[in-house]
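Here is a short briefing to read alongside the sequence and the model.

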Amino acid sequence: MEKFEELKLKAKAEIEKIASMKTINDVKAKFIGKNGEITALLRGMKDIPAEMRAAFGKRVNDLKEEVSAFFAKKETELKAAESADKFKKEAVDITLPAKTLQVGGLHPLNIVKNKIIDAFTGMGFEIFEGPEIDTDYYCFQALNIPKDHPARDMQDTFYINDNVLLRPHTSPGQVRTMENKKPPIKILSPGRVYRADDDASHSPMFHQIEGLVVDKGVSLCDLKGLLDEFVKIIFDKDTKTRFRPSYFPFTEPSVEVDVTCCKCGGKGCNLCKGTGWIEILGAGVVNKKVLEMSGIDSNVYSGLAFGLGIERITMIKYGISDIRTLFENNVAFLQQFNRR
Ligand code: PHE
């Protein structure tokens, strides 16, 4: 009896000391394994007198059960401790701000260009893109600006040679269209243009959109209706237009178009320099000479044309004071236009 009790206490003490699942099996083997101390007692049964054998066997089995219970308890404790430890090690701090994905966005000039194109394609215009390097004929002569005409001074042009140049406006798109298409014509010609000019409101490369309508009975009234509708789409529905007489060799009459200031609504502020109006584009009724030079009968057809600067509209719309910020590719600046 004493030996049983001793063995039980010994096993209990050793089991209590076990610190990991790795060693628990060694200790199990030592006591209740095939060659364990308790198992050895069972093997010794044959030396026990027959009348005591049953009682002895029961004792050994009871002991074995008790010790097994110690192991089971220890095992549960160890497993709990081990998983607690694992959870602690693998813990993720869910309060940390996640890494945000940098998503690209459209450049403000493309945002505005797309809006302008949407506005006009909604009114039935098609897109035609002409070349950025063009000839003197398309950029000037066919637009009623002969060589040595003083109107050439209106733009400081980059010449490649006497005859080839970087187009200073998108107006050659009018000529190229009229040469290739019979009226009715209703086109929009967006693209880059170049002028030797560089300050806060001028860039040597900028973007224009040319518009041209040629059909029977087209007049200045159509131009006014078209542009009234356009400025309401681009700025807001209360925006009004004002036509001022102007001069372009390729339109007659020619106008400069102002809109009510989008910042003050026409009351007068620093953006519109107190006038309430901001100039946004040049336009007019296509000069009969220009129609004729491109092979369109000016007795049958008439046209209207307009040319606008995308940078200018973008700057007015978003209150940008220096054109150069549009070309510096400063991400902090550009991100402001793509807020989700
Ligand atoms: N081409 C002119 C410019 O660049 C704008 C314009 C286009 C004016 C069409 C009238 C008609 O300033």
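Throughout this briefing, two residues are in contact, or touch, when they have heavy atoms within 4.5 Å. This is a predicted model, in which local features need pLDDT of at least 70 and side-chain atom pairs count only at pLDDT 80 or more, while totals for chains, interfaces and linings use all residues. Residues are numbered from 1 along each chain as its sequence is written, and side-chain values use heavy atoms, with hydrogens and water left out.

**The ligand and its shell**

- The side chain of S171 has an N or O atom 2.9 Å from a nitrogen atom of the ligand. For R195, a side-chain N or O atom is 2.8 Å from a ligand oxygen atom, and a polar side-chain atom of Q208 lies 3.0 Å from an oxygen atom of the ligand.
- On its own the ligand has 330 Å² of accessible area, and the protein covers 91% of that (Shrake-Rupley method with a 1.4 Å probe; for residues, only the protein chains shown count as cover).
- Helices (H or I, at least four residues) and strands (E, at least two) are DSSP runs numbered from the N terminus.

- S171 sits in the loop between β3 (164–166) and α7 (172–180). Is S171 buried or exposed? Its relative accessible area is 4%, so S171 is buried (buried means under 20%, exposed over 50%, partly exposed in between; 1.4 Å probe, protein chains only).
- The side chains of S171 and E210 are joined by a polar contact of 2.7 Å. Such a contact is a pair of N or O atoms within 3.5 Å; within protein, one must be able to donate a hydrogen and the other to accept it, and residues adjacent in sequence count only if both atoms are side-chain atoms.

**The nonpolar cores**

- A nonpolar core is a set of buried Ala, Val, Leu, Ile, Met, Phe, Trp, Tyr and Cys residues joined through side-chain atoms within 4.5 Å. The largest one has 44 residues, of which F120, L227, F230, I280, L281 and F306 touch the most other members.
- Among the elements that give two or more residues to this core are α5 (108–121), α8 (220–234) and β8 (277–286). With 7 residues, α5 gives the most.
- A second, separate core has 21 residues, including C139, V175, L212 and A305.

- D258 lies in strand β7 and is buried, with a relative accessible area of 3%. Its side chain makes a polar contact of 2.8 Å with that of R244.
- Not counting residues up to four places away in sequence, D258 touches K240, T241, R242, R244, W277, I278, E279 and I280.
- G266 is found in the loop between β7 and β8 and is partly exposed, at 34% relative accessible area.
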